[in-house]
Amino acid sequence: MDTGTSRRGIALPLLLILPTILILLQYTPTNAEIILLLTLARHGSRAPNPPVVEFCPNDKNIWNYSAPFSELTVKGMNQAYALGKHLREIYVNEYKFLPPRLEELNKNFSGFHADFWSDSATRCLQTAIAFGHGLYPDEYKNEYYPTVPLPVHSEIKQFDDLFVAPKADCKPVRLADEEEFANNVGQQIIQNNLAILKKVSQICGFDIMSLEPMERVLAWKEVADLFDFDAEQEFEPMPGLTPQLFRMTSHLSFEILMRRFYASDRQITYWAGQFPDRLMTEIRRAIKKDRMKLPVKTKYISFTSHRELIYAMILMMQWRFKLDGQPMYLNSYQLPPQTTLFWELHRQHDAYKGLDEIPKDKLSESYFVRVFIWTPNHGRVSVKTHFCKTENCTLDEFFGSIQTHIQR
């Protein structure tokens with residue numbers, strides 16, 4: 001990590017230390033104990049997809065990425081590593097919730113106390129591993145091996161309903177919805193923003209409007225992503241890509257993504273796939289053990305995926321938060337690479353009250369869920385959930401936020 005000074009002349013270590021102190025003061029619970037942590041992360045910054053060679057041949061930055069097409073860049077690796085360091089600072093050093101060494105999770109030979117799951121895409125798997133290096137860095141290496149490998153679980157895409165249901169069982173429904181969008185609402189949006197598309201086509205050296213409606217939508221997504229990833233890498237903007245045009249392109253791209261994938265409750269539900277059910281299952285499993293004073297074996301579960309699943313979860317649970325400088329549409333902000341959602345399950349300190357186990361009718365008031373969002377650019381950001389009266393969501397409120405959406 002660069003330990004020099006920032007462009008504003010402030011020592012970077014100070015910029016890193018002060019937000020951490022504020023985080024610990026603001027988010028450390030004083031009347032409860034954390035018993036389970038779940039995170040859902042978008043992969044880090046990546047190289048653009050291969051079609052940009054055709055759709056924007058004038059962008060010479062295409063050949064300057066530190067990774068093959070579609071894969072995680074060095075910057076993306078560092079973003080994942082920074083996320084791991086953030087979790088280490090909070091959940092290892094401050095909360096003492098996770099042990100300081102990965103192998104200590106297995107000291108009783110009963111299995112790791114943490115599970116790491118990832119979408120099968122290479123960039124997601126790389127992100128999960130780089131994240132593990134930040135959470136358990138090399139200075140804590142095993143004496144018999146340079147570093148303890150992080151065990152990451154995955155499933156092939158065709159059968160993966162946890163991370164990419166719209167590309168597995170729900171694929172026919174998704175394709176029909178996308179075709180409908182491209183030929184109707186998508187056409188309308190593009191016609192309303194024709195000047196932007198023509199200007200981008202001109203500077204890219206390819207006429208996006210010459211494509212059929214569906215290909216036009218896909219091409220626009222690839223080119224807009226290219227501009228975003230170029231900016232992430234701090235490359236020089238293409239000639240003609242002014243700051244104003246860049247902002248207009250980002251806003252339009254985000255609007256198209258939101259209206260293409262999340263225009264209805266049904267779409268949000270199938271983009272979320274099996275993840276909401278997995279989330280509720282893991283929380284219920286932890287409570288079932290903890291309420292009887294039994295140890296919760298799996299204390300932390302990490303999931304790494306793509307932005308589409310994360311947007312679906314934010315919209316389904318109606319999270320409200322602010323990310324300065326990011327485009328906004330449908331009450332949600334555009335999420336930078338490596339954006340991560342946090343769910344913490346807590347038990348009130350006085351929940352047992354001298355009992356051997358917590359009665360079932362007292363569970364909702366004995367446990368609560370706290371949620372956060374983290375990005376490399378914004379740090380840890382507080383979240384207001386529409387269904388929860390306070391930042392501490394009761395179990396009834398938390399489960400209700402998911403079940404109410406699905407029932408609609």
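A search of the whole structure, a predicted model, finds 19 aromatic pairs. Rings of Phe, Tyr and Trp (its six-membered ring) are paired if their centres lie within 6.5 Å; planes under 30 degrees apart count as stacked, over 60 as edge-to-face and the rest as tilted. One of these pairs joins Phe116 and Phe131. Their centres lie 6.4 Å apart, with 55° between the planes, and the pair is tilted. Phe116 belongs to strand S2 (residues 114–118) and Phe131 to helix H4 (residues 122–135), so the pair ties together parts that are 15 residues apart in sequence. Helices (H or I, at least four residues) and strands (E, at least two) are DSSP runs, numbered from the N terminus. Both Phe116 and Phe131 are buried, that is, under 20% relative accessible area, where exposed means over 50% and partly exposed in between (1.4 Å probe, protein chains only).

Phe261 and Tyr262 have ring centres 6.1 Å apart and planes at 85°, so this pair is edge-to-face. Phe261 is buried at 6% relative accessibility. Tyr262 is buried at 3%. Ring pairs also link Phe261 and Tyr262 into a cluster with Phe254, Tyr270, Trp271 and Tyr311.

Charged groups also sit over rings. This requires NZ of Lys or CZ of Arg within 6 Å of the ring centre and within 35 degrees of the ring normal. The charged end of Arg278 sits over the ring of Trp117, 4.8 Å from its centre. Lys299 lies over the face of Phe97, at 4.8 Å from the ring centre.

Residues are numbered from 1 along each chain as its sequence is written, and side-chain values use heavy atoms, without hydrogens and water. In this predicted model, local features need pLDDT of at least 70 and side-chain atom pairs count only at pLDDT 80 or more, while totals for chains, interfaces and linings use all residues.
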